[in-house]
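User: I have a model open and would like to learn how to read it. Please take me through the ligand and then the sheets.

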Amino acid sequence: MDQFPNQDNLQQKPERGFRLGWIYIIIIISLILLAIPGSYFTAKEINWQEFEKYILNRHAVEKIDIVNNEIAEIYIKKEFANDVFFKDVLQPKIGKALNPGPHYIFNIGSIETFERKMEEAEKSFSENEKIDVTYVKRTNIFYEILPLIIPIILVVLMFRLFAQNVGAGRIGGSSVFNFGRSTAMLYEKENKSTITFNDVAGLEEAKQEIKEIVDFLMDPKTYTKLGAKIPKGVIIVGPPGTGKTLLAKAVAGEAQVPFFSLSGSEFVEMFVGVGASRVRDLFKNAKEKAPSIIFIDEIDAVGRSRGKNAFFTGANDERESTLNQLLAEMDGFGTNSGVIVLAATNRADMLDPALLRPGRFDRHIYLELPNFNDRREIFKVHLKPLTVENTVDADFLAAQTPGFSGADIANICNEAALIAARRKKEKVEKQDFIDAMERIVAGAEKKSKIISPDEKKIIAYHEAGHAVVSWLLKDVDPLVKVSIVPRGKSLGAAWYLPEEHQLRNTAQFTDMLCAALGGRASEEIIFGDVTSGALDDLEKVTKQAYTMVAFYGFNKKIGNISYYNSNGLNETGFQKPYSEETGRIIDDEVRILVEKTYQQAKDLLLKNKDALKTLAELLLQKEVVLKEDLEKILGKRSEVAITK
Ligand code: ATP
């Protein structure tokens with residue numbers, strides 16, 4: 001049914017607006033009128049030549065007033081009232097009194113020029129014909145009262161703004177007078193989140209734990225009667241896109257209690273004290289509505305370790321006082337006061353340890369990148385709204401996407417639908433999904449990129465180098481295809497299907513390094529020189545080699561020592577937690593490792609130089625070479641691959 005506006009409002013509101021509006025308009029017009037000199041309306045503007053020729057030389061001038069050394073106001077003698085030339089200015093309306101003047105005005109430039117010109121023009125005038133010139137000073141009221149009026153207008157405007165906000169009475173808001181109040185969104189029965197636990201695929205353990213928390217709130221007695229304390233806070237930690245926010249939204253949808261949701265960055269303002277005051281306000285509101293849930297997304301924005309980088313950022317005072325307030329509030333409300341704080345972050349290592357200790361965020365839920373089964377379930381959720389062909393099945397898609405997050409999967413489904421729509425298909429097909437995956441991983445194809453034939457050859461040999469080395473090493477992820485079609489920033493790529501490992505041994509790490517160096521090794525073997533095309537590979541190799549030596553304890557000289565710091569805190573107070581000597585050993589060992597694996601890649605390629613050439617030529621011809629072609633050139637991988 002159509003909603004009709006309240007008749008009372010219809011009558012009252014416009015009338016008040018109308019009256020106030022008119023007052024403003026009248027004030028503004030009056031000010032403008034005051035600013036304009038009176039002569040502007042009555043006098044006609046002329047120039048010196050016209051004045052001299054038609055007025056002065058005809059002896060029609062009664063007097064001249066020079067106003068503020070700037071404007072000359074000319075008064076015409078009354079006896080010229082019937083003169084054709086002056087009729088218009090002296091008798092603007094028939095039958096009315098004569099216009100008292102001024103009748104003409106012009107800008108004199110400067111007093112000296114004006115006086116000189118007058119003297120010249122009056123040379124032939126007799127003494128009593130000479131014109132009476134008076135110099136007058138007139139002040140403009142507008143400029144006088146302006147400095148008084150502006151502050152009054154500002155005060156009135158501020159007062160009105162204030163009055164409006166007091167009337168609005170909402171939680172927080174972005175107005176100037178509300179900046180100390182919490183900006184959290186409140187979901188209650190009427191505007192509940194529509195997301196439920198069914199929309200969250202996989203993540204069974206996390207869902208279970210979260211459901212338990214909701215149960216605590218709904219039915220606390222079951223737990224408290226046995227003496228148990230209800231947790232105060234739950235922190236959800238996991239890589240980006242793993243469904244942390246989604247899980248919280250599902251809690252908001254399922255819990256029958258008020259749900260306050262905000263992002264950590266909303267506490268942080270440039271004014272000191274605002275964040276702390278927002279935290280206070282948030283907890284006050286939540287306690288008033290208890291049992292309730294507070295959800296703080298991206299809590300690292302406020303919860304970052306105190307004192308960390310304080311010297312460099314300078315903005316830490318505000319963040320620290322906000323965090324202190326948060327800690328105090330979480331400690332402050334009694335365990336059973338019925339407010340549970342949910343928080344999410346992908347930087348748990350940055351968080352202040354005080355925040356994570358029991359009594360504050362008691363429960364930690366870790367989300368990981370989804371495994372095969374989770375991915376299949378997530379695909380099912382996101383395939384539901386699409387019109388897909390029968391050949392598309394969640395199992396196939398899940399198998400193709402190891403290492404992808406839930407957000408990536410949602411993105412693939414959407415991208416595939418967009419690609420299918422662009423191709424004017426009735427249904428989304430398997431190929432659309434494959435193209436969507438490639439687009440998401442490596443960017444859109446850039447066929448128009450201009451690449452010279454020489455460069456194309458180098459790219460083909462570079463990619464063929466990666467392909468041959470990885471094909472021949474058992475511990476590298478299986479190769480799917482090699483392409484020299486430019487995509488995103490890359491000029492070519494070797495595509496692998498990552499296997500899901502929880503652990504990797506030294507051999508696997510070295511094989512991966514070797515495959516990554518295969519491109520550069522191939523360039524050196526074939527062309528006797530190397531190019532800048534290996535930048536990405538070298539970056540990856542260097543980082544991996546350092547982790548192997550300094551973090552995983554894979555190096556004999558360094559031994560079983562790890563300089564990895566899982567909480568990101570510099571507890572030792574040193575810039576680097578090892579001596580210069582150890583630093584030098586790490587650098588040397590990394591260089592030795594990379595050099596050794598590079599040599600291995602070169603040896604493999606030299607042994608299989610013919611296969612390398614055949615593959616590179618095939619790539620130049622077809623641009624994309626699949627696994628099947630590699631099998632023909634190098635033989636079945638299971639039969640030829642070795643472990644280094
Ligand atoms: P960030 O740390 O970057 O904020 P996040 O972990 O909070 O990421 P979400 O915002 O929850 O990630 O997830 C983004 C999107 O990914 C969701 O809107 C949803 O479409 C999809 N998604 C992620 N995980 C799942 C899942 N388990 N089931 C269904 N969809 C998922």
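User: Which polar backbone atom is 3.3 Å from an oxygen atom of the ligand?

Analyst: A polar contact is a pair of N or O atoms within 3.5 Å; within protein, one must be able to donate a hydrogen and the other to accept it, and residues adjacent in sequence count only if both atoms are side-chain atoms. Here a polar backbone atom of A407 lies 3.3 Å from a ligand oxygen. The ligand taken alone exposes 630 Å², and the protein buries 79% of that. Accessible areas come from the Shrake-Rupley method with a 1.4 Å probe; for residues, only the protein chains shown count as cover.

This is a predicted model: local features need pLDDT of at least 70, side-chain atom pairs count only at pLDDT 80 or more, and totals for chains, interfaces and linings use all residues. Residues are numbered from 1 along each chain as its sequence is written, and side-chain values use heavy atoms, with hydrogens and water left out.

User: Which atoms lie 2.8 Å from the ligand?

Analyst: A backbone N or O atom of A201 is 2.8 Å from a ligand nitrogen, and a polar side-chain atom of N346 is 2.8 Å from a ligand oxygen.

User: Which residues around the ligand come nearest?

Analyst: A residue is near a molecule or strand if one of its heavy atoms lies within 4 Å of it. There are 18 residues around the ligand, and A201, K244, T245, L246 and N346 come nearest. Domain 2 (185-366) and domain 3 (372-442) each give at least three residues to the shell; the domain bounds come from an automatic or database domain assignment.

User: How do I read the sheet of six strands?

Analyst: Strands (E, at least two residues) and helices (H or I, at least four) are DSSP runs, numbered from the N terminus. Two strands pair if DSSP finds at least two bridges between them. This open sheet has the order β6-β8-β9-β10-β7-β11, with mixed pairing. β6 (185-187) and β11 (361-366) are at the edges with a single partner strand each, so one side of each has no neighbour in the sheet. Inside the sheet, β9 (292-297) and β10 (339-345) are parallel, over five bridges; S292 has V339 in β10 as its bridge partner.

User: What is the order of the sheet with three strands?

Analyst: That open sheet runs β13-β12-β14, with antiparallel pairing. Its edge strands, β13 (493-496) and β14 (624-626), each pair on one side only. Four bridges join β12 (479-483) to β13, and V482 stands opposite A494 in β13.
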